[in-house]
Amino acid sequence: MDNALSLQEKYAPENACFGCGPANTKGLKLQSFPKDGLVIAHWHPSAYHEAFPGVLNGGIIGTLLDCHSNWTSAWHLMLARKENHPPCTVTAEYHIKLLKPTPTKGVLELVAEVVDVKPDRAEIKAKLLAGGTVCATCEGQFVAVKPGHPAYHRW
């Protein structure tokens with residue numbers, strides 16, 4: 001998107017998260033981009049991400065929505081705090097609904113938005129679309145961690 005760096009590349013280039021870490025050579029390498037108050041990602045599945053022929057594995061869907069929502073939270077907390085770097089956030093809870101089989105042909109789109117922001121957390125709603133059809137949704141709470149938490153310095 002616009003040849004700019006993704007949130008992950010800009011703020012956490014050494015992050016090794018399976019879903020969104022640029023430094024994980026075997027990961028999904030999800031890239032999230034802020035756009036008009038939303039955070040958008042496009043991701044292309046491969047056959048080895050399938051649950052069965054032509055359909056994306058539910059665990060991969062959950063990982064994509066979790067990571068994308070987490071970065072949406074971090075981005076919006078950074079803006080709310082008027083900081084120049086997002087706080088490291090982790091998933092407190094998230095719930096996904098698998099609405100339709102998600103095809104592995106073509107590019108998938110993830111769209112996330114903030115429902116509520118508090119000083120240390122954000123509530124996010126997200127959806128995964130294939131060809132404009134919503135295949136899965138997610139709602140979750142993502143929390144900025146404090147010193148002493150194992151994830152505090154991960155980005």
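This report covers the salt bridges and the exposure of their residues.

## The model

This is a predicted model, in which local features need pLDDT of at least 70 and side-chain atom pairs count only at pLDDT 80 or more, while totals for chains, interfaces and linings use all residues. Residues are numbered from 1 along each chain as its sequence is written, and side-chain values use heavy atoms, with hydrogens and water left out.

## What counts as a salt bridge

Side chains of opposite charge can pair when their charged atoms come close. A salt bridge here is a side-chain nitrogen of Lys or Arg within 4 Å of a carboxyl oxygen of Asp or Glu. The count by this rule is 3 salt bridges.

## The glutamate pair

Arginine 81 and glutamate 83 join through their side chains, with an N to O distance of 4.0 Å. How accessible are these residues? Glutamate 83 has 39% relative accessibility, and arginine 81 has 33%. Each is partly exposed, a class that lies between buried (under 20% relative accessible area) and exposed (over 50%), using a 1.4 Å probe and protein chains only.

## The aspartate pairs

Lysine 118 bridges to aspartate 116, and their closest N and O atoms are 2.6 Å apart. Aspartate 116 is partly exposed at 31%. Lysine 118 is partly exposed too, at 43%.

Aspartate 120 meets arginine 121 in a salt bridge of 3.3 Å, N to O. Aspartate 120 has a relative accessible area of 24%, so it counts as partly exposed. Arginine 121, at 30%, is also partly exposed.
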